[in-house]
Amino acid sequence: MSKRKDVEAKTEELVMPLIDEKGFEFVDTEFVKEGNSYYLRVFVDKPGGITIDDLESVSRPLSDKLDEKDFIDEQYILEVSSPGLGRPMKKDRDFDRNLEKVCEIHLYKAIDGEKEIVGLLKSYDKETITIEIEEGNEIKIDRADVSLAREYIEF
C-alpha cells in the first residue's frame with residue numbers, strides 16, 4: 001500500500017466513529033502534496049447540507065486523535081470540509097444517489113473524439129458506467145477510464 005493510501009486509510013478509521021456518532025456521511029479522505037505543503041482533507045456531508053459548526057465538531061476531535069496516534073511523518077494541514085456542489089462520484093453510494101440524473105463524465109482518453117460526456121446516468125457496476133447520451137442511445141464506459149464523474153450542474 002502506498003504511503004498516501006495508508007495515511008488515508010488510517011485517517012478514515014479514526015474519523016468514522018466521530019462521523020457516525022453525529023449522523024453525518026463520510027464522503028472521502030485525501031492526503032496530497034500541493035506546492036511545498038501536505039494537506040489531509042476529510043470530506044463529510046449530511047442531508048440538507050453540512051454547516052461550519054458541524055465541520056468544526058469533527059475537525060477538533062479528529063485533530064486530537066491524529067496528534068495522539070502520530071502516524072504522519074510530514075507536517076500537514078488538516079482540512080475538514082463539505083464536498084461542495086461539484087461533488088465527485090467515487091463510491092457506489094455516490095452513483096446510487098445520481099441514478100437517472102444528468103451527469104458529466106471526464107475521461108483520461110477520448111471516446112469518439114470526446115473526453116467529456118454529459119448524459120443521464122442509467123446504471124453502473126464495478127467495471128462500467130452506462131450513460132444515455134440521447135434518448136435510446138447509451139454508451140458504456142470503463143470506470144478505469146474515468147478521471148472525474150459528477151452530477152452535471154448548469155451555470
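Where is Asp 70 found? In this predicted model, Asp 70 lies in the loop between α2 and β3. Helix α2 covers residues 52-69 and strand β3 covers residues 76-81. Phi of Asp 70 is near 50°, a positive value in a residue other than glycine. Most residues other than glycine have a negative phi. With a relative accessible area of 57%, Asp 70 is exposed, because the class of exposed residues begins over 50%. Asp 70 also belongs to a surface patch of negative charge, in which it gathers with Asp 64, Asp 67 and Glu 68.

The protein as a whole contains three helices and eight strands. From the N terminus on, these elements follow the order α-β-β-α-β-α-β-β-β-β-β. The C-alpha trace spans about 55 × 35 × 30 Å along its principal axes. Of the 155 residues in the protein, 35% are buried. Thr 51 is placed in the loop between β2 (37-45) and α2, and is partly exposed at a relative accessible area of 37%.

A second residue with positive phi is Glu 100, where the angle is about 65° although the residue is not a glycine. Glu 100 is located in the loop between α3 (92-98) and β4 (102-111). Its relative accessible area of 47% makes Glu 100 partly exposed. The side chain of Glu 100 forms a salt bridge with Lys 122, and the closest N and O atoms are 3.2 Å apart. This pair links distant parts of the chain, since Lys 122 lies in strand β5 (residues 114-124) and Glu 100 in the loop between α3 and β4, 22 residues apart. Lys 122 is partly exposed, with a relative accessible area of 27%. Elsewhere, salt bridges that share partners join Glu 25, Asp 45, Arg 87, Arg 93, Asp 94 and Arg 97 into one network.

The count of salt bridges comes to 22. Side chains of opposite charge can pair when their charged atoms come close. One of the salt bridges connects Glu 8 and Lys 5, at 4.0 Å from N to O. Both residues lie in helix α1 (residues 3-22), three residues apart, or about one turn of the helix. Glu 8 is buried at 9% relative accessibility, whereas Lys 5 is partly exposed at 42%. Lys 22 and Glu 21 likewise meet in a salt bridge, at 4.0 Å from N to O. In this pair, Lys 22 is partly exposed, with a relative accessible area of 32%, and Glu 21 is exposed, with a value of 64%.

Phe 31 and Tyr 38 form a stacked pair, with 5.3 Å centre to centre and 15° between the planes. Phe 31 is buried, at 4% relative accessibility, while Tyr 38 is partly exposed, at 25%. A nonpolar surface patch of about 210 Å² is made by Val 102, Val 118 and Tyr 152. Tyr 152 is found in the segment after β8 (146-151), and is partly exposed with a relative accessible area of 33%.

Technical notes:
Residues numbered from 1 in each chain as written. Predicted model: local features only at pLDDT ≥ 70, side-chain atom pairs only at ≥ 80, totals over all residues. Heavy atoms only, no water. Patch = residues over 30% accessible without salt bridge, like charges linked within 9 Å, V, L, I, M, F, W, Y side chains within 5 Å. Areas by Shrake-Rupley, 256 points an atom, 1.4 Å probe, with all protein chains shown as cover. Lys, Arg positive; Asp, Glu negative; His and termini not counted. Charge placed at Lys NZ, Arg CZ, Asp CG, Glu CD. Helix = DSSP H or I, 4+ residues; strand = E, 2+ residues; numbered from the N terminus. Phe/Tyr/Trp six-rings, centres within 6.5 Å; stacked < 30°, edge-to-face > 60°. Buried < 20%, exposed > 50% of the residue type's maximum accessible area, 1.4 Å probe, protein only.
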